[in-house]
Amino acid sequence: MEKIYAPHELERRIYERWESHGWFAPSGQGAPYCIVIPPPNVTGTLHMGHAFQHTLMDALTRYHRMRGDDTLWQPGTDHAGIATQMVVERQLNAHGQKRTDLTREEFVARVWKWKEQSGGTIASQMRRLGDSVDWSRDRFTMDPQLSRAVVDAFVRLHEDGLIYRGKRLVNWDPVLLTALSDLEVQSEEEEGHLWHLSYPLEEGSGHVIVATTRPETMLGDTAVAVNPDDERYQHLIGKKVRLPLTGRLIPIIADAYVDPAFGSGCVKITPAHDFNDYEIGLRHGLEQINIFTPRAALNDNVPERFRGLDRFEARKRIVAELTEAGLVARVDKHKLTVPRGERGGAVLEPYLTDQWYVRIAPLAASAIAAVEQGRTRFVPENWEKTYFEWMRNIKDWCVSRQLWWGHRIPAWYDEQGNVYVGRDETEVRAKHGLAVSVTLRQDEDVLDTWFSSALWPFSTQGWPDKTPALEKFYPTSVLVTGFDIIFFWVARMMMMGLKFMGDVPFRDIYITGLILDENGDKMSKTKGNVIDPLDIVDGIELEALVAKRTSGMMQPQFAARAEKATRKQFPEGIAPHGTDALRFTFAALASPSRELRFDLSRVAGYRNFCNKLWNAARFVTMSVGEAEPASGSAPVELSVADRWIRSRFGRMVAAVEAAFRDYRFDYAATALYEFTWYEFCDWYLELTKPVLHAQNASEAAKRGTRLTLVETLEALQRALHPLMPFITEEIWQRAAPVAGRAGPTVMLQRYPLAADYPTDEQAEREVAWIQAFILAVRQIRGEMNIAPSKRIPVLLKGAAAQDKDYTARHHAYLQRLANIETLTVLEPGAAAPESATALIGELAVLVPMAGLIDAAAEAERLEKLLGKAKQELAKARGKLANENFVRNAPPDVVKTEREREADFERQVTSITAQLDCLRGLLRP
RNA sequence: AGUCGCGUAGCUCAGUGGUAGAGCACCUCCUUGACAUGGAGGUGGUCGGUGGUUCGAUCCCACUCGCGACUACCA
């Protein structure tokens, strides 16, 4: 084996082998275990958040596969309606073309082409990350079968009265020219103004003042509203004002919605351009005057001189004219929240249009109940509150989009405008008895992308057909996703799953944290702080990274900032770390916290861990050789260390089992890391050396150690495999034959079971003693600056029978690991030379000073120890002096406290005696 | 405005009603035949503040200060 672990070459080779053998497919045996991937945008690339979630999903998948479950990780991608259409439109624009220069068919063909071109990026990234998805089942939301599912779902919902078409106010994007759902609106606080406008009363005797942030909408006002209890305006209710600039007469109405304390207490009502005003308009039967074109320019419903003006231009003109007319009473600075489109960023306009809606309340009710009843469980549990909060206040879902890329709505219109919903035109004609002579025209609109996503857990398994896959893998086991799409996706899958499958789509919903950069900022292209996960895997030069981060940036100032930040953050680019190190980092990071800062130094640490594991494997293979240590009938004898490491391995596996059960990947990572490094490498490998190198050790003992070495190494690869699939495969291939384990790949081996490694209390006790001894000597060495290579004599004082026993039996370990020259057990009362001291309970470990140790330094060290011991002793005594403590605390707590007290008393006595002795020396 | 979350070592974060932990960073020593991407030892925290419950609170409760996210918004 190479001295340094080099991941690059072997990762690709190994993945290809796994994939070509079809090992990612479900085995067909065992209990079904299924995860559906949150489908990324087909034309996108995977970012750190994806890589993080994929790591966790793959770890779960590999773990369950190795546990013998019939495991499927279902891959696929999403057509991402608006996002994808926008990308292709931008490409057209770059060539001086517009979407509308093409026919719909031409444009859609163009998008498909782009999808074919760029659609492979994600798959190749996933391969590099080691994702063990069943590629043979790859799905795309616009596959024929999944499209059929979309149509079927739409028709069924319509048949059940859960989909309707209606004219109402929607969030309209005047740039993209489409409706959006409430969730796609991003409200941001911006600086604006509050204009106080004066509307004259009809009879000419005075005026009312209304306050507005959008003066241009006054052209569509159809009332002024006051609070019914507002005494200032009682006398005006029912009267009329003359709307400036238009001359229209509009009524003053009373509505409890109006807050008398805000502004003037008078509100202009524009039912066609404000959600609240719309509701008020409905209550009072007000006219709805639409004053905008779809592009949000003023239309023919306004005085001629304003027609055709863009809304922002119109605002200036109207304010100017009103000011001139003396009708602007006041202008205040005002913070307001401006609704913008999630994708395009355009200011949205509440706009009256015909759209399709899902009547959501009945669907939400069963989805709420399912979580209340525990049929689906959120992990961490707290997220169910967020889910409930939204579900209980949910509003109907606008599902139609005025786009070309997506699932066309399965509705047809005749020339009279009657609408028919059906799976296709033939079905529609048959269902409604429409003659061939009736011309039908299909709805031009497509469905919200999230409509097809909502069906994902069952549409991917063949629904609406009753397929074996659907039967087996629905409900899925767990959904792994971020909290940012609980509403968009999770809640909707719950509703649709319950509606169409009659059961929840997943047993557990594991909500991951959000990956932030090392400063706690969201990673975004505009901030220039995104990291391509593969750049961490393969490494990247600084210049290439800068180029990558600044390319395609519209605004040069952003590019400059991104470049500066990048050069500061990665002055030498990013070193290669390998996939396993990145994956292990993600696992270790996956605490229940909702925000996770990604720090490259963590990855470096885990790359070192890979290297450590690699070198441990080198040591084992070099020590054990090619042959199976336990072959034939040769006797095998296990040392205390051999028994100890098996026992410790069992404890570690138990911790990992619990961690996977609880989705505590951080605990799993920690347990594996600590076992591997601190127990297997730091202690066990060292403890094998005295045995393997000893001339007087029996062949049976050597066989036992070799066997344990290679068996533990082999089992450790299986234990680590879900988190670090590549390096473990590579090592396993070498270790397994020697460990007597057959099989083509570690990924199909059984995961170790804690039950197979019962705790060996005695071995653990003995090794703990050995460790304490060695640590005691090392501590003296370290603090007294005695070179590790210097062999030193050690004396034991106050040794009990057991200490003597252990000392005798484990002499070889002590001698080698503490690098001892001689080990002498002092008889009671025997005089000890001046020494440095360390305590193991009542046993004192002495290192004679004889030229090695500076007495003053040792005195200082002991003073410090004494201080600590006294402090702890005082604490313990204080507690025990408290009658209430002794009376009320559980007996075992009191007992422990008494033991501590005794222990510290002994320490204080012993250290004090040593100090006295030293002081004698220092005071000649 | 409502909902939720966070505040623990220099940094990033675990954690528990009874002895406060890890990684990184830092200091000292060491190239010993798996590994310097390493080994050995060490420094470092009044667990945001105040009060309450308790024999005992970093942990539970209340209030408070400082952050943050989400949802809905007053024109």
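A residue is near a strand if one of its heavy atoms lies within 4 Å of that strand. Helices here are DSSP runs of H or I with at least four residues, numbered from the N terminus.

Some ground rules. This is a predicted model, where local features need pLDDT of at least 70, side-chain atom pairs count only at pLDDT 80 or more, and totals for chains, interfaces and linings use all residues. Residues are numbered from 1 along each chain as its sequence is written, chains are lettered from A and ligands numbered from 1 in the order in which they are written, and side-chain values use heavy atoms, leaving out hydrogens and water.

Let's start with RNA strand B. It is surrounded by 61 residues, and the closest are Phe262, Asn276, Thr337, Trp677 and Tyr678. Which helix gives the most to this surface? Helix α20, residues 600-624, with 10 residues. By type, the surface has 22 nonpolar, 19 polar and 20 charged residues. Here Ala, Val, Leu, Ile, Met, Phe, Trp, Tyr, Cys and Pro count as nonpolar, Asp, Glu, Lys and Arg as charged, and the others, Gly among them, as polar.

What part of the RNA meets the protein? For lysine 879, a side-chain N or O atom is 3.1 Å from a phosphate oxygen. Asparagine 884 uses its backbone: a polar atom there is 3.4 Å from a sugar or linking oxygen.

Now to charge pairs within the protein. A salt bridge is a side-chain nitrogen of Lys or Arg within 4 Å of a carboxyl oxygen of Asp or Glu. The whole structure has 66 of them. Take glutamate 711 and arginine 646, with N and O 2.8 Å apart. Glutamate 711 sits in helix α23 (residues 699-720) and arginine 646 in helix α21 (residues 640-661), so this pair ties together parts 65 residues apart in sequence. Buried means under 20% relative accessible area, exposed over 50%, and partly exposed in between, with a 1.4 Å probe and protein chains only. Glutamate 711 is partly exposed at 27%. Arginine 646 is also partly exposed, at 21%.

Next, arginine 648. Its salt bridge with glutamate 679 has the closest N and O atoms 2.9 Å apart. That links helix α21 to helix α22 (residues 665-693), across 31 residues. Arginine 648 is partly exposed at 22%, while glutamate 679 is buried at 17%. Arginine 648 also meets glutamate 764 in a salt bridge, at 3.3 Å from N to O. Glutamate 764 lies in helix α25 (residues 761-784), 116 residues from arginine 648. Glutamate 764 is buried, at 11%.

Finally, a charge without a salt bridge. Glutamate 729, in helix α24 (residues 725-738), is buried yet has none. How far away is the nearest side chain of opposite charge? Arginine 17 is 4.2 Å away. Lys and Arg count as positive and Asp and Glu as negative; His and the chain ends are not counted. Glutamate 729 does have a polar side-chain atom 3.0 Å from the backbone nitrogen of valine 746.

Note on methods
Polar contact = N/O pair within 3.5 Å; in protein donor to acceptor, adjacent residues only side chain to side chain. Helix = DSSP H or I, 4+ residues; strand = E, 2+ residues; numbered from the N terminus.
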